[in-house]
Amino acid sequence: MNLLREELSWITPELCLTLFACVALLVDLFVQKGRESVMVGFFSLMGLLATAFFLYRQYGVTPPAQPVFGCMVVDPFSTLFKLFAVGALAFVVLFTMLSRQTRPDGYGEFYFILLCAGLGAFFLASTYNLLLMYLGLELLSIASYILAGYAKGNRRSGEAAMKYVIFGAVASGVMLYGFTLLYGMTGSIDLTVIGPKLRDQFALDHGTIPISVATGLCLAGFAYKISAAPFHFWTPDVYEGAPTPVTTFLAVASKGAGFAALLRFLQAGFIPDRTLGGPEAMMGYSDKLGTLVAVLAALTMTLGNLAALGQTNLKRMLAYSSIAHAGYVLMGVATMNREGFSSVLFYLVVYYFMNLGAFGVVMYYANTTGDEQIDDLKGLGWRSPLVAITMVAFLVALVGLPPTAGFIGKWFLFTAAVKKGFLWLAVVAGINSAISLFYYFRVARAMWLRPEEEAKYATVHASPAFAALLLVLAVGTVWFGVGFDSLLRYCDYSQNLLR
Amino acid sequence: MSFFGAPVFFLAAALFALGIYGFMTRRNLIVVLMSIELMLNAANLTFLAAARGTAQANEASSYAVFVILVAAAEVAVGLALVLAVFRLKRDSDIDAARDLRG
């Protein structure tokens with residue numbers, strides 16, 4: 001009994017989130033008509049706050065030696081990603097409360113599904129068990145399909161959701177098949193067991209073809225989730241068609257969870273313990289895998305950036321930009337070592353601030369004007385200076401220029417790649433950053449370098465709540481560009497205990 | 001490694017390949033969803049075949065039950081979305097989905 005209580009105490013954040021998600025569904029029934037969005041939204045925020053509190057209590061506590069219930073790993077790495085997901089969810093809930101794009105009825109379900117998606121991200125980030133990883137991924141994905149199609153009467157939202165569910169189901173099916181092949185080879189679905197078993201197989205020199213096929217299939221599923229080439233083609237359509245708060249969720253929380261699972265998968269299964277000195281064949285295989293990821297990274301960022309150049313729709317441009325950013329982050333994954341992985345964590349936190357901010361501005365703009373074209377932004381700088389100034393901060397961070405966090409984050413990724421010997425990759429990434437300057441600058445030019453008379457829309461002031469949200473994100477974007485020490489230390493620390 | 005020589009493994013691989021082929025070539029959304037089911041069932045078959053005759057046979061069956069459950073949820077959502085799009089466009093062909101491009 002005591003053992004059960006102790007194990008349950010480790011998963012209080014998950015229990016808390018589940019409870020609030022279910023009750024949110026009920027709260028919806030008892031709230032006065034027309035006020036569901038605000039009331040249920042506040043209730044969900046309370047739930048997220050409580051979850052964050054329980055997560056904070058796990059911060060710095062020595063993690064349990066064995067996975068909880070044999071499959072949930074509670075360590076600083078998962079706590080970091082869970083906090084990341086809770087923060088992103090809180091912003092998405094706030095955006096939804098301030099947005100007019102989602103349907104006026106059925107908010108209870110909307111928040112319920114959103115919190116369930118968050119729960120999926122929790123599981124995805126904190127397990128070495130392939131089955132639980134698959135279930136977490138599906139919980140996150142199925143909830144995301146519904147959210148993407150939430151604007152029911154809207155043709156574009158429906159089409160986005162349909163494309164998402166078709167491609168998503170195929171990708172997760174491919175990944176599951178890869179998992180079953182790993183199971184067939186090793187007789188276990190626990191990555192901590194699979195890793196040593198694979199090492200034995202490498203030592204016996206059975207040939208790497210079956211392992212390569214299985215790994216390739218698994219990687220395809222992860223690449224889909226983080227929208228890396230060549231599985232990125234769904235991203236622009238889904239991001240453009242889905243309601244903007246949902247797009248924000250997909251671009252930030254869903255992608256972050258995908259990266260968390262990918263890091264765990266590679267770390268436990270495919271990185272030989274250098275100190276123990278794994279078999280030579282496994283070292284070689286791990287390096288080959290790294291090179292494959294490096295090629296994917298180069299491909300992803302180049303495709304994303306080149307396609308973004310020609311876009312006229314702001315949301316679609318940001319979708320391609322988020323593909324490009326997945327490429328930059330993969331650069332850290334390709335190093336297959338601790339330094340690279342902690343630079344990935346750092347960049348994901350930075351990415352979180354700048355993308356939440358950029359999508360927040362898009363939402364504000366679409367809400368007030370009903371328009372998402374870049375050219376129609378002209379004069380916005382003179383009419384709504386606060387929004388435009390924060391947008392410039394986010395754009396500068398997205399390009400990766402100092403003094404923002406985008407610069408520091410990219411700096412760490414570049415150094416990790418160069419140290420590993422991927423100089424060519426760093427050069428490609430540098431050229432890509434220069435290309436990205438053009439399309440990000442186009443937005444800034446439209447906002448500021450056109451006279452006020454050309455402005456298409458009259459002044460619409462941002463509501464105080466919304467302005468405060470944007471300011472928080474902008475301050476975060478700039479703050480981590482200067483005071484990045486503590487965050488970097490935490491990222492490194494969470495890598496340290498990653499088993 | 002003997003597992004990869006077993007006939008049932010090849011059956012599963014063939015099912016999986018059929019699923020991929022159907023997904024690539026068929027234009028009807030319902031058939032595409034059916035192809036996805038084939039892929040998931042190939043995975044199930046591999047799970048069961050891999051554990052056949054070992055001490056883990058029961059364990060593997062429970063994994064398969066989880067996968068069946070998820071597949072059902074996925075198809076439920078998929079069909080609902082196909083239906084929603086069909087209501088708006090009067091067409092269940094995948095090529096009808098072309099409002100978003102560029």
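**Figure 1. Chain B against chain A.** Buried area is the accessible area (1.4 Å probe) that two parts lose on being put together, summed over both. In this predicted model, chain B and chain A bury about 3,900 Å² between them. Carbon and sulfur atoms give 78% of that area. The contact draws 42 residues from chain B and 45 residues from chain A.

**Figure 2. Polar links between chain B and chain A.** On the side of chain B that touches chain A, helix H1 (7–25), helix H2 (29–51) and helix H3 (57–89) of chain B each give two or more residues. H3(B) supplies the largest share, 14 residues. By type, this side of chain B holds 33 nonpolar, 4 polar and 5 charged residues.

**Figure 3. The two domains of chain A.** Domain 1 of chain A covers 1–172 + 231–264, and domain 2 of chain A covers 294–499. Their centres, taken over C-alpha atoms, lie 23 Å apart. The contact takes 43 residues from domain 1 of chain A and 40 residues from domain 2 of chain A. Between them the two domains bury about 3,900 Å², with 73% of it on carbon and sulfur atoms. In domain 1 of chain A, the residues that lose the most area to domain 2 of chain A are A:Phe91, A:Phe259 and A:Leu263. Together they account for 16% of what that side buries.

Figure 4. Across the interface of domain 1 of chain A and domain 2 of chain A, the rule finds 3 salt bridges. The side chains of A:Arg316 and A:Glu240 meet in a salt bridge, at 2.6 Å from N to O. On the side of domain 1 of chain A that touches domain 2 of chain A, helix H4 (76–98), helix H10 (234–241) and helix H11 (244–270) of chain A each supply at least two residues. H4(A) brings the largest share, 12 residues. This side of domain 1 of chain A divides into 26 nonpolar, 10 polar and 7 charged residues.

**Figure 5. Confidence along chain A.** The mean pLDDT of chain A is 86, and 93% of the residues score at least 70. Among the elements of chain A, helix H6 (residues 130–148) has the highest mean pLDDT, 94. Helix H20 (residues 485–496) of chain A has the lowest, 74.

Technical notes:
Residues numbered from 1 in each chain as written. Chains lettered and ligands numbered in written order. Predicted model: local features only at pLDDT ≥ 70, side-chain atom pairs only at ≥ 80, totals over all residues. Heavy atoms only, no water. Domains from an automatic or database assignment. Contact = heavy atoms within 4.5 Å. Salt bridge = Lys/Arg side-chain N within 4 Å of Asp/Glu carboxyl O. Helix = DSSP H or I, 4+ residues; strand = E, 2+ residues; numbered from the N terminus. Nonpolar A, V, L, I, M, F, W, Y, C, P; charged D, E, K, R; others polar. pLDDT = per-residue confidence, 0-100.
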